[in-house]
Amino acid sequence: MCVLARSARRAVLLLLCVASFTPAFAQSKDFDDYKWRVDGSWWFSNPTGSVHAANDAGSFDLSRDFGFGSYSTFSGNADWRFKKKQHLLLRVTPVTSDRTRTLSNQIEFEGVTYDVGAQVSANIRNVAIAPGYEYDFIRRDHGYLGGTV
């Protein structure tokens, strides 16, 4: 198991633990009376497309040549509300996938020819980290209007 997959699983477990201990503010007068909020989303990633070498030195297709398909992953959000209408945000989204495949067609890429029947491996490693700031222009019991940078 790769280190990134273990880290992603640990991050999901941490998000679930923090979310389960977050107190409910249903009886508070302020509808979003919190200092910290952690949210998570579970979704399917479906990597598609092709990779082209510089100077037309070959290409390959992620789906056709390597068999990349859908798999589940997550996104995590942390929201620190440090003033009544101001938030600092952090979103983390890991996208990782590994494939090993026996080629069913010949591929030439960057001067190297991979013949039919050759076993090839490919991996996608991407962790998107997006910090942000939010200001709530209008705040009401039934919602808010805010801007995020």
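**Aromatic pairs and the buried core**

User: F60 and F109: buried or exposed?

Analyst: Both F60 and F109 are buried (under 20% relative accessible area; exposed is over 50% and partly exposed lies in between, with a 1.4 Å probe and protein chains only). The model is predicted, with local features needing pLDDT of at least 70 and side-chain atom pairs pLDDT 80 or more, while totals for chains, interfaces and linings use all residues. Residues are numbered from 1 along each chain as its sequence is written, and side-chain values use heavy atoms, without hydrogens and water.

User: How many aromatic pairs are there?

Analyst: The count comes to six aromatic pairs (Phe, Tyr or Trp rings, the six-membered one for Trp, with centres within 6.5 Å; stacked under 30 degrees between planes, edge-to-face over 60, tilted otherwise). One of them joins F60 and F109 in an edge-to-face arrangement, with 5.2 Å from centre to centre and 70° between the planes.

User: Where do F60 and F109 lie?

Analyst: F60 belongs to strand β3 (residues 59-61) and F109 to strand β6 (residues 107-109), so this pair ties together parts that are 49 residues apart in sequence. Strands here are DSSP runs of E with at least two residues, helices are runs of H or I with at least four, and both are numbered from the N terminus.

User: And F66 with F68, why is that pair tilted?

Analyst: The ring centres of F66 and F68 are 6.5 Å apart and the planes stand at 50°, so the pair is tilted. F66 and F68 are both buried. Ring pairs also link F66 and F68 with F60 and F109 into a cluster.

User: Which residues make up the largest nonpolar core?

Analyst: The largest nonpolar core has 10 residues: A53, F60, L62, F66, F68, L103, I107, F109, V120 and A122. Such a core is a set of buried Ala, Val, Leu, Ile, Met, Phe, Trp, Tyr and Cys residues joined through side-chain atoms within 4.5 Å. The elements that contribute two or more residues to this core are α2 (62-66), β6 and β8 (119-140).

User: What is L103 in contact with?

Analyst: Leaving aside neighbours within four places in sequence, L103 is in contact (heavy atoms within 4.5 Å) with D65, Y114, D115, V116, G117, A118 and V120.

User: D65 next. Where is the place of D65?

Analyst: D65 is found in helix α2. At 2% relative accessibility, D65 counts as buried. Not counting residues up to four places away in sequence, D65 touches F60, R101, L103, N105 and I107. D65 and T102, 37 residues apart in sequence, lie 8.8 Å apart in space from C-alpha to C-alpha.

User: What about N55, buried or exposed?

Analyst: N55 is exposed, with a relative accessible area of 77%. N55 sits in the loop between β2 (50-52) and β3. From C-alpha to C-alpha, N55 is 8.9 Å from E110, although the two are 55 residues apart in sequence.

User: Changing topic: how do β4 and β5 pair?

Analyst: Strand β4 (residues 71-81) and strand β5 (residues 86-102) pair in the antiparallel sense over six bridges; pairing requires at least two DSSP bridges. They form a hairpin, and four residues lie between β4 and β5. In β5, L89 is the bridge partner of D79.

User: And the overall secondary structure of the protein, what is it?

Analyst: The protein has two helices and nine strands, which follow the pattern α-β-β-β-α-β-β-β-β-β-β along the sequence. Of its 149 residues, 24% count as buried. Among contacts with a separation of 6 or more, 62% join residues 24 or more positions apart.
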